[in-house]
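Take a look at the sequence and the 3D structure below. Then follow the paragraphs one step at a time.

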Amino acid sequence: MQGSGFFLDSFLPQVKKVTEKTIDWLSVFLLSGIFALGIAQVFWRWVLNDPIVWSEELIQLTYVWICYLGWTIAERKDSHIRITAVTNALPVKAQKWIQIFNHVLCIVFSVLMVYYGIKLVGVGVKRTAVSIALNIGIVYAMGPICNFVIICYEIAGLIECVTKGPRNYRDKGGDEE
């Protein structure tokens with residue numbers, strides 16, 4: 001090991017790669033699960049006249065996870081909706097300060113989401129879902145976890161903005177990468 005050079009050059013990119021693949025595959029798995037469970041729910045209810053009692057609740061709780069994972073993916077790809085007509089008309093220096101402010105604002109919001117999310121997990125640990133034996137704390141844990149990842153993405157975006165300048169959203173046409 002060569003100190004911080006090894007950490008920044010080898011370890012962090014590997015962690016980023018594993019984290020992104022995990023988020024992507026978990027999203028695909030959960031969305032596929034919701035789809036399959038929804039189809040099964042309809043089949044059992046309308047064809048067999050014997051509804052799956054717990055399926056609707058599991059779909060709702062899984063949807064919470066998918067929303068957080070989608071938010072995380074949008075942050076990673078910098079593809080959240082934005083209206084840039086005014087900021088694009090400003091000088092590059094003003095654009096840089098606006099983007100820095102946006103990154104800081106997102107970091108502060110996500111820090112608050114982590115803080116209050118951890119408190120919510122503490123409350124959720126004392127509860128279980130109504131129709132399945134699932135601890136609600138597990139569902140609530142996705143909030144702080146995803147917001148921590150979002151903080152990392154926003155810090156990286158902030159560093160990029162400060163060192164390289166603001167991102168140019170003029171010619172993206174909605175396809176930010």
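Five salt bridges turn up in a search of the whole structure. A salt bridge is a side-chain nitrogen of Lys or Arg within 4 Å of a carboxyl oxygen of Asp or Glu. The model is predicted: local features need pLDDT of at least 70, side-chain atom pairs count only at pLDDT 80 or more, and totals for chains, interfaces and linings use all residues. Residues are numbered from 1 along each chain as its sequence is written, and side-chain values use heavy atoms, with hydrogens and water left out.

Start with Lys16. Lys16 forms a salt bridge with Glu20, and their closest N and O atoms are 3.3 Å apart. Both residues sit in helix H1, which covers residues 4-46. Helices here are DSSP runs of H or I with at least four residues, strands are runs of E with at least two, and both are numbered from the N terminus. Lys16 and Glu20 are four residues apart, about one turn of the helix.

Are the two partners buried or exposed? Lys16 is partly exposed, at 46% relative accessible area. Glu20 counts as buried, at 15%. Buried means under 20% relative accessible area, exposed means over 50%, and partly exposed lies in between (1.4 Å probe, protein chains only). The pair also belongs to a network of salt bridges that links Lys16, Glu20, Asp24 and Arg76.

Now move to Asp78. Its side chain meets that of Arg167 in a salt bridge, at 3.0 Å from N to O. Asp78 lies in the loop between H2 and helix H3 (85-89), and Arg167 lies in the segment after H6, so the pair ties together parts that are 89 residues apart in sequence. Asp78 is buried, with a relative accessible area of 15%. Arg167 is partly exposed, at 29%. Arg167 has another partner: its side chain meets Glu160 in a salt bridge of 3.1 Å, N to O. Glu160 counts as partly exposed, at 25% relative accessibility.

**Two helices side by side**

Next, find helix H2 (residues 55-77) and helix H6 (residues 142-164). They pack at an angle of about 5°, and their axes are 9 Å apart. Axes are lines fitted to C-alpha atoms, for helices over the stretch in contact, and angles run from 0 to 180 degrees between N-to-C directions.

Which residues make the contact? From H2 they include Trp65, Tyr68 and Trp71. From H6 they include Cys146, Ile150 and Tyr153. Contact means heavy atoms within 4.5 Å. The residues of this contact divide into nine nonpolar, three polar and three charged. Ala, Val, Leu, Ile, Met, Phe, Trp, Tyr, Cys and Pro count as nonpolar, Asp, Glu, Lys and Arg as charged, and the others, Gly among them, as polar.

**The nonpolar cores**

A nonpolar core is a set of buried Ala, Val, Leu, Ile, Met, Phe, Trp, Tyr and Cys residues joined through side-chain atoms within 4.5 Å. The largest one has eleven residues, among them Ile23, Leu30, Ile66, Val149 and Tyr153. H1, H2 and H6 are the elements that give two or more residues to this core. Val149 touches Thr19, Ile23 and Thr72, not counting residues up to four places away in sequence. A second, separate core has five residues, including Leu61, Ala129, Ile132 and Val139.

Thr62 is in helix H2. It counts as buried, at 13% relative accessibility. Leaving aside neighbours within four places in sequence, Thr62 is in contact with Leu30 and Ile34.

Val162 is in helix H6. It counts as partly exposed, at 44% relative accessibility. Val162 and Gln99 are 63 residues apart in sequence, but their C-alpha atoms are 9.3 Å apart in space. With neighbours within four places left aside, Val162 is in contact with Lys96 and Ile100.

Finish with the backbone. Most residues other than glycine have a negative phi. Asn49, in the loop between H1 and H2, has a positive phi near 55°. Asn49 counts as exposed, at 63% relative accessibility. Asp78 also has a positive phi near 55°.
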